[in-house]
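Colleague: Before we go through this model, please show me the sequence and the coordinates.

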Amino acid sequence: MRCDSHVHLVGPIGQYPQLASRTYTADVATLKQLETVAAARAVRRFVIVQPSFYGADDTLLLDGLRLLGARGRGVAVIEPERTPVRTLASYAREGVRGLRLNLYSPIRDKGPLAERFMALAGVAHDLGWHVEIIAPLSHIVAATAVLAQSRVPLVIDHYGLYATARPEDAEGRALLELLAMPHVWMKLSAPYRVSRDHLATRPDPEWLAAMLSAAPDRCVWGSDWPHTPPLDEQKTREKIAPYRPLRYDKLVDDFLEAIGSADLAERILSDNPARLYAFEA
């Protein structure tokens, strides 16, 4: 069964308040809307990832998981020093399988990546979860020594947010060496976040080939639906900022065409996420 390994849900702001410190207001994006656009490409499993504007309030994420049942998994945000063990145990029962560390969004975790990662990895280890990182490539490379020694799986968002780096550059080589390690996974998601074109739907062929060469069995695909606006358009919380006008079917089709192999594509969309997120057979 095909899986979209990176989606966000957004509820009515009166029911699911967004942080007062947010830099924009996100519009409603429901599970029903997501399932409608994904159905045409036979995507029926979803990994709901906590967006920055909800902070550590995972209420909507958990509500979405309850609706999805066995077809859903979650990546939550917590405050590791404050979240009770019983709360984490309830998250696990609902389908949470990872913890997110965000050093990319305007509302981000404070402190060096290595330090924040270690705090989350301790919690994730006890639960059998992974830690998911969204951070610019320079932050990932600076923390390579710690990330390489991780006792828990590490999932890197959005092609590693490599910006202008190339696979043959020093930072590019460092990322690929990290990805070659057996505990490191990559989300092949949101090509527009690593392109000058904010509406890009096709992955960079050189980076895609390099990542698939390093870890063909540890790459998963994600749409990043509903496609939050670029950082430079997140200017005020006084009005709703429009999502990027992207078609779900085009994102899928362009990715499949870029992969070029039906067998490899199904591994990335079905087999790999089934292992990473422990979906039922």
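Modeller: Contact here means heavy atoms within 4.5 Å. The model is a predicted one.

Colleague: With that cut-off, which helices and strands do the buried residues of helix H7 pack against?

Modeller: Helix H7 spans residues 170–179, and its buried residues are Gly172, Ala174, Leu175, Leu176, Leu178 and Leu179. These residues pack against strand E7 (154–156) and strand E8 (184–189), and also against helix H5 (137–142), helix H6 (144–148) and helix H8 (205–214).

Colleague: Why is strand E5 described as largely enclosed by the rest of the structure?

Modeller: Buried means under 20% relative accessible area. Strand E5 covers residues 96–102 and is largely enclosed because the number of its seven residues that are buried is six.

Colleague: Which residue of strand E6 is the bridge partner of leucine 101?

Modeller: Strand E5 pairs with strand E6 (residues 130–134) in the parallel sense, over five bridges. Within E6, the partner of leucine 101 is isoleucine 133.

Colleague: What handedness does the β-α-β unit of E4, helix H3 and E5 have?

Modeller: Strand E4 (residues 72–76) and E5 run parallel and are joined by three bridges, with glycine 74 opposite valine 96. Together with helix H3 (residues 85–94), they make a β-α-β unit that is right-handed.

Colleague: Aspartate 224 is in the loop between strand E9 and strand E10. With which side chain does its side chain make a polar contact?

Modeller: Aspartate 224 counts as buried because its relative accessibility is 1%. Among the residues it touches are His6, His8, His158 and Tyr192. The polar contact, at 2.8 Å, is with the side chain of arginine 193.

How values were computed: Residues numbered from 1 in each chain as written. Predicted model: local features only at pLDDT ≥ 70, side-chain atom pairs only at ≥ 80, totals over all residues. Heavy atoms only, no water. Buried < 20%, exposed > 50% of the residue type's maximum accessible area, 1.4 Å probe, protein only. Helix = DSSP H or I, 4+ residues; strand = E, 2+ residues; numbered from the N terminus. Pairing = 2+ DSSP bridges. Right-handed = clockwise from strand over helix to strand, strands pointing away. Polar contact = N/O pair within 3.5 Å; in protein donor to acceptor, adjacent residues only side chain to side chain. Lists of a residue's contacts leave out its neighbours within four places in sequence.
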